[in-house]
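Q: Please take a close look at one part of this model, and then follow the chain from there to the other features that deserve attention. I would like the criteria behind each term stated as you go.

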Amino acid sequence: MLLVLIVVQTADAQKLITALLEIDLRVTKIGSTGGWLGVGNVALMLGIDEARYDDVADAVARTCETRLEHMSTAAMVDPTLGYATTVEVEVGGAVMFGVPVEQFVRIPGESQPGTVGSVAEEADTMTTSRAHTEQGRQAGMKLVVAVIKGEDVDAVSASLLEADVRLTRINTTGGFLRRGNSTMLIGVPADQVDEVIRLIRAACPAEAEASPVSKGLPMYSATVFVLDSSHFERV
């Protein structure tokens, strides 16, 4: 399984989200800004079976074509002339990153056949997950990326903080229905990953929300990805 991060220009984001939903791929939207010129862009995050990477790449190619635009910006003022310059810049396109996922859990854990990320039944997923975790205990830190439904965010945050688990919270949006959610970034030692997932599970409702009939995509209280962190420093 891969956690895919796609950075696209704001103008292309909704077209890409629609294209991904049409092929039954879930998307989490993160508002962001390009460093040069401060151009608005959007980061999209989704978990996929590795075999579907080409489907994602194809959707990006169809919806995020590059183009040339003229931009006037005060960020490029010539100090000797004192006025902004107009430049021709290439916009559009996308940048994609695919990161292998060590562990993947949906809460509540009712796997749906054919839905994205259902690598196995929940019990099998957790068994495999623990095996990965055991193998990675000597590797140091793990990065837990947890997408939490909006109404459950405060309860999950409180539960983690009470257990002295540090987290960074990012306001995000679900692609379908544009529902509010939050993405939590949690760095923990490998041997604490199962406990973090247990805390998230305990703080979420026991019942999943009914599936939207029009799309057949069930709603989950939380979707959790565990990634290996090859480097970790606290400065």
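A: Q9 is placed in strand β1, where helices (H or I, at least four residues) and strands (E, at least two) are DSSP runs numbered from the N terminus. The model is a predicted one, in which local features need pLDDT of at least 70 and side-chain atom pairs count only at pLDDT 80 or more, while totals for chains, interfaces and linings use all residues. Residues are numbered from 1 along each chain as its sequence is written, and side-chain values use heavy atoms, with hydrogens and water left out.

Q9 counts as buried because its relative accessibility is 15% (buried means under 20% relative accessible area, exposed over 50%, and partly exposed in between, with a 1.4 Å probe and protein chains only). Its strand, β1, which spans residues 2–9, is mostly covered, with six of its eight residues buried.

From Q9, the C-alpha of T66 is 9.9 Å away, although 57 residues separate the two in sequence. C64 lies in the loop between α2 (53–63) and β4 (67–73), and its C-alpha is 8.9 Å from that of A11, across 53 residues of sequence. C64 is buried at 6% relative accessible area, and C204 is likewise buried, at 9%. The count of disulfides, taken as pairs of cysteine sulfur atoms within 2.5 Å, comes to zero.

Some backbone features also stand out, because most residues other than glycine have a negative phi, and most peptide bonds are trans. D24, in the loop between α1 (10–22) and β2 (28–33), is not a glycine and yet has a positive phi of about 60 degrees; its relative accessibility of 38% makes D24 partly exposed. D164, found in the loop between α4 and β9 (168–174), has a positive phi near 65 degrees and is exposed, at 71% relative accessible area. A cis peptide bond, with omega about -10 degrees, joins I107 to P108, and P108 belongs to the loop between β7 and α3 (122–136).

The largest pocket has a volume of about 390 Å³. A pocket here is an open set of points on a 1 Å grid over the protein atoms alone, where a 1.4 Å probe fits, with protein on both sides within 12 Å along at least five of seven lines, and lining residues have an atom within 4 Å of a point; grid points are joined across faces, edges and corners, and the volume is the space filled by probe spheres set on the points. Of its 23 lining residues, M141, R166, I186, G187 and V188 are the closest to the centre. The elements giving two or more lining residues are β8 (141–149), β10 (180–189), α5 (193–203) and β11 (222–228), and β10 has the largest share, five residues.
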